[in-house]
Amino acid sequence: MPNHSEASPENASPSNKFNLSTAELKQMAKKLRRHVITMIATAGSGHPGGSLSAADIITALYFKVLRHNPENPHWADRDRFILSKGHAAPILYAALAETGYFPVAELATLRKLDSRLQGHADSKFTPGVEMSAGSLGMGLSFAIGVALAARLDSKAYRTYVLLSDGECEEGQTWEAALSAAHFKPDNLTAIVDCNGIQLSGWTRDIMNLEPFTRKWQAFGWHTIDIDGHDFDQILSACQEAEKIKGKPTVIIARTIKGKGVSFMENNAAFHGKAPTWEEAERALKELE
Amino acid sequence: MTEASTRETYGKTLVELGKQNKDIVVLDADLSPSTMTSFFAREFPDRFFDCGLTEQNMVGIAAGLAASGKIVFASSFAIFVLCRCFDQLRLCLSQPELNVKIVATHGGITVGEDGTSHQAIEDLALSCALPGFTVVVPADAIEAAEAVRMAASAHGPFYIRLSRPKTPIVYPEGYRLTLGKAVTMRQGMDATIIAVGIMVAKALEAVDILARQDIDCRVINMHTIKPLDEASVVKAASETGAIVVAEEHLAQGGLGSRVAQVVAREKPVPMEFVNLGDKYALSGKADELLQRYGLTASNIEESVKSVVERK
């Protein structure tokens, strides 16, 4: 991987180059949600619910928080965003396209043979995708490795990882939670998209995770509870996390599965089902 | 033959590599006194992470470090790092082809007294089923050091299987390993024994016995199981007309299966297999187990005789 840290202008400016206002972020999130609906309807399969719940978090990260350079995805000093809930690839692809990692038109190729946009995020093919994901519970471990590498190399980049609440049923997530508290990468911010629903129903009915925040606290993490659809809360939580030293931070973002499309909201049926074209048109109307 | 420990060699070679390259990072899962990554830990504490008993997490951390430019060695016993972590190895290392070297000690039944739960006898089948992985089983400590050095300088995921007990030295000092290039240890024209790991020394014992019976047997050390040196297999089949494959592994999916695929496709000749069949072994001393489960020089000798009869 080439080291571009010397040449890159981002070295001098530590901020996100898009730097949208809250009003602009809201509009961008709607746009990304529209991409998600169109992409999945076009593909005829996919996971709309978990992309829509994460849309505001992803929008805030890519258009306000992350120091990144879409023209140089391998810029050595970029902040890393790792999508652990790999089935939410469509919302990540939408953000990567709108920030310029690849053409927006390419979103229409999602899940098609030879597309760079695989059904679940794949770092080998898609510019800007840091980790291959899809089998749940692995992203937090990966993110710890990335954060430890920053420490070894005395680099200032920050590592963000987005988990689903459902994947916190995987034992590896808690192995990782233990080891992050042990190795103390305070350059790591985990965000859990707590939409409360997994494939076959409510998480509280299938494998209850509560008291969720207290579990992370007991594991030694700094925790911040927020409404994952409130941009001010997302942004201030990210800022707070940067100031916490000596331990990693987890942002517990309470969200609504399918957020923004009335008939998908809190509806487990749309965890892993594509909308019909008629449903997609209704959804797009709601997202205007 | 003199004997030496492949895992002790591993530990020492890691230190040597660590001195040469600051990007070498080593992970372990609470077994560093046994895997001998403890040598590296002592020398380079900042670049060593003991992940405790979180092997799956260790593989993920290794992937993250490698994705950030590190050359990562991750170690545990074969059963825990390979068999337990298959999905993590698949998604986090194989699929993205990351630069992580899984070096597992305590492979095979020679783990001995700890018994079935600790004896990895399916690890070669599993690791060969990971696209992009290079799979190496050194025959002795000299080859183990070479394999570790080669893995560090080659890009991509590796699985290297080492043993618990000391193993006979079969190479002279100064031996240089070429990945994917098998070594002909003895020339011969009546049959070929293709062996790997501890079975190489046993094959060399067997050919001496066979020579006294006027059977002139070739021995190939197939240290790199994947990618397989197909040319050497085809040459052996063409020139000797009979092949015996010897490995400390189940019958399915290991070296025997891989060699048989090449023989069947390129040059069908009679074959015999010396391996563990389809069953687990028990607790016992390593040598007792090798006797009980048919992994001795005389088992190889018998297989060579029967394969020669079928020519």
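Hi everyone, let's start with chain B, which is divided into domain 1, residues 3-168, and domain 2, residues 183-306. Please keep in mind that this is a predicted model.

How far apart are the centres of domain 1 of chain B and domain 2 of chain B? Taken over C-alpha atoms, the separation is 25 Å. The two domains do touch: 28 residues of domain 1 of chain B are in contact with 28 residues of domain 2 of chain B. On the domain 1 side, the elements that give two or more residues are α7 (123-128), β6 (134-136), α8 (141-153) and β8 (167-168) of chain B. If you like to think in residue classes, that side of domain 1 has 14 nonpolar, 9 polar and 5 charged residues.

Now let's step back and take chain B as a whole. Its secondary structure comes to 13 helices and 14 strands. The radius of gyration of chain B is 19 Å, close to the 19 Å that the globule rule gives for 311 residues, so chain B is as compact as a globular protein of that length.

Next, the contact between the chains. Here chain B brings 24 residues and chain A brings 25 residues. Which elements of chain B give two or more residues to the side that touches chain A? They are α4 (55-67) and α6 (86-94) of chain B. Of the elements on that side, α4(B) gives the most, with 9 residues. By class, the side of chain B facing this contact has 10 nonpolar, 10 polar and 4 charged residues.

Last stop, a helix pair inside chain A. Helix α2 (residues 48-65) of chain A packs against helix α8 (residues 231-243) of chain A at an angle of about 60°, and their axes are 10 Å apart. With that angle, α2(A) and α8(A) are therefore oblique to each other. Their crossing is right-handed.

How values were computed
Residues are numbered from 1 along each chain as its sequence is written. Chains are lettered from A and ligands numbered from 1 in the order in which they are written. This is a predicted model: local features need pLDDT of at least 70, side-chain atom pairs count only at pLDDT 80 or more; totals for chains, interfaces and linings use all residues. Domain bounds come from an automatic or database domain assignment. Two residues are in contact if their C-beta atoms, placed from the backbone, lie within 7 Å. Helices (H or I, at least four residues) and strands (E, at least two) are DSSP runs, numbered from the N terminus. Ala, Val, Leu, Ile, Met, Phe, Trp, Tyr, Cys and Pro count as nonpolar, Asp, Glu, Lys and Arg as charged, and the others, Gly among them, as polar. Axes are lines fitted to C-alpha atoms, for helices over the stretch in contact, and angles run from 0 to 180 degrees between N-to-C directions. Angles under 35 degrees count as roughly parallel, over 145 as roughly antiparallel, 65 to 115 as roughly perpendicular and the rest as oblique. A crossing is left-handed if the near helix is turned anticlockwise from the far one by less than a right angle, and right-handed if clockwise. The radius of gyration is taken over C-alpha atoms; the globule rule is 2.2 Å times the number of residues to the power 0.38.
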